[in-house]
Amino acid sequence: MPAQAALPRIRGALKGLRALVQRESTAEVWRTLALAEEALLHYPAALEALQKALTLSEHHDRRDLKRLAQLKEYAAKWDALGLTPRALRRSVATWTITWKKSHVSHHRHTRVWLEANDIKSAAKAIKGLESVGGHCDCEVLFNAV
């Protein structure tokens, strides 16, 4: 995730790129849009933009194909979590203030947060968090996030 100070500039660039693809639909513009979407962890949008770039490209670059595979993997991982990067990121600051490091709590605070944020499948989200190293509340903060 980019530094907090860089986010307004990246969002501004993203807005400009989205407008540019409407006026100038070239592979390079779509490829650049994919990079900006990916920088903000918008994996489905990044995947769609890169696929459009590949459609418009005369030659498929190996690097683009590798990125396409990575974006599919990242999108699938977030889908398995049942969360969006934005939803998880919003609560990290609150978590670090209110949660004390305790390996005994397992996912007590995580479950409370998931329920408070209307995450439909807490079990699915916890399973996904565990798959990326979040085996207890503190590990959700320090490994998964």
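The model is predicted. Its largest pocket holds about 280 Å³ of space. The helix pairs are H1 with H2, H2 with H3 and H4 with H7.

**Largest pocket**

- The lining of the largest pocket, whose space is about 280 Å³, consists of 15 residues, and Leu 41, His 42, Thr 84, Pro 85 and Arg 86 are the closest to its centre.
- At least two lining residues come from each of helix H3 (43–56), helix H4 (62–81) and helix H5 (85–98).
- Sorted by class, the lining has 9 nonpolar, 4 charged and 2 polar residues.

**H1 with H2**

- Helix H1 spans residues 7–23 and helix H2 spans residues 27–39; their axes come within 9 Å and cross at roughly 150°.
- Angles over 145 degrees count as roughly antiparallel, so H1 is roughly antiparallel to H2.
- The crossing of H1 past H2 is left-handed.
- On the H1 side, the contact uses Ile 10, Leu 14, Leu 17, Arg 18, Leu 20 and Val 21.
- On the H2 side, the contact uses Val 29, Trp 30, Thr 32, Leu 33, Ala 36 and Glu 37.
- This contact of H1 with H2 counts 9 nonpolar residues, 1 polar residue and 2 charged residues.

**H2 with H3**

- The axes of H2 and H3 are 8 Å apart, and the two helices pack at an angle of about 165°.
- H2 and H3 are therefore roughly antiparallel to each other, and their crossing is left-handed.
- H2 brings Ala 27, Trp 30, Arg 31, Leu 33, Ala 34, Glu 37 and Glu 38 to the contact.
- H3 meets these residues with Tyr 43, Ala 45, Ala 46, Ala 49, Leu 50, Lys 52, Ala 53 and Leu 56.
- The contact of H2 with H3 has 11 nonpolar and 4 charged residues, and no polar ones.
- Trp 30 and Glu 37 of H2, among others, take part in the contact with H1 and in the contact with H3.

**H4 with H7**

- Helix H7 covers residues 122–131; the axes of H4 and H7 come within 7 Å and cross at roughly 135°.
- That angle makes H4 oblique to H7.
- Asp 79, Ala 80 and Leu 81 of H4 form the contact with Lys 124, Ala 125, Gly 128 and Leu 129 of H7.
- By class, 4 nonpolar, 1 polar and 2 charged residues make up the contact of H4 with H7.

Technical notes:
Residues are numbered from 1 along each chain as its sequence is written. This is a predicted model: local features need pLDDT of at least 70, side-chain atom pairs count only at pLDDT 80 or more; totals for chains, interfaces and linings use all residues. Side-chain values use heavy atoms; hydrogens and water are left out. On a 1 Å grid over the protein atoms alone, a cavity is a set of points where a 1.4 Å probe fits but cannot get out, and a pocket is an open set with protein on both sides within 12 Å along at least five of seven lines; lining residues have an atom within 4 Å of a point. Grid points are joined across faces, edges and corners, and a volume is the space filled by probe spheres set on the points. Helices (H or I, at least four residues) and strands (E, at least two) are DSSP runs, numbered from the N terminus. Ala, Val, Leu, Ile, Met, Phe, Trp, Tyr, Cys and Pro count as nonpolar, Asp, Glu, Lys and Arg as charged, and the others, Gly among them, as polar. Axes are lines fitted to C-alpha atoms, for helices over the stretch in contact, and angles run from 0 to 180 degrees between N-to-C directions. Angles under 35 degrees count as roughly parallel, over 145 as roughly antiparallel, 65 to 115 as roughly perpendicular and the rest as oblique. A crossing is left-handed if the near helix is turned anticlockwise from the far one by less than a right angle, and right-handed if clockwise. Contact means heavy atoms within 4.5 Å.
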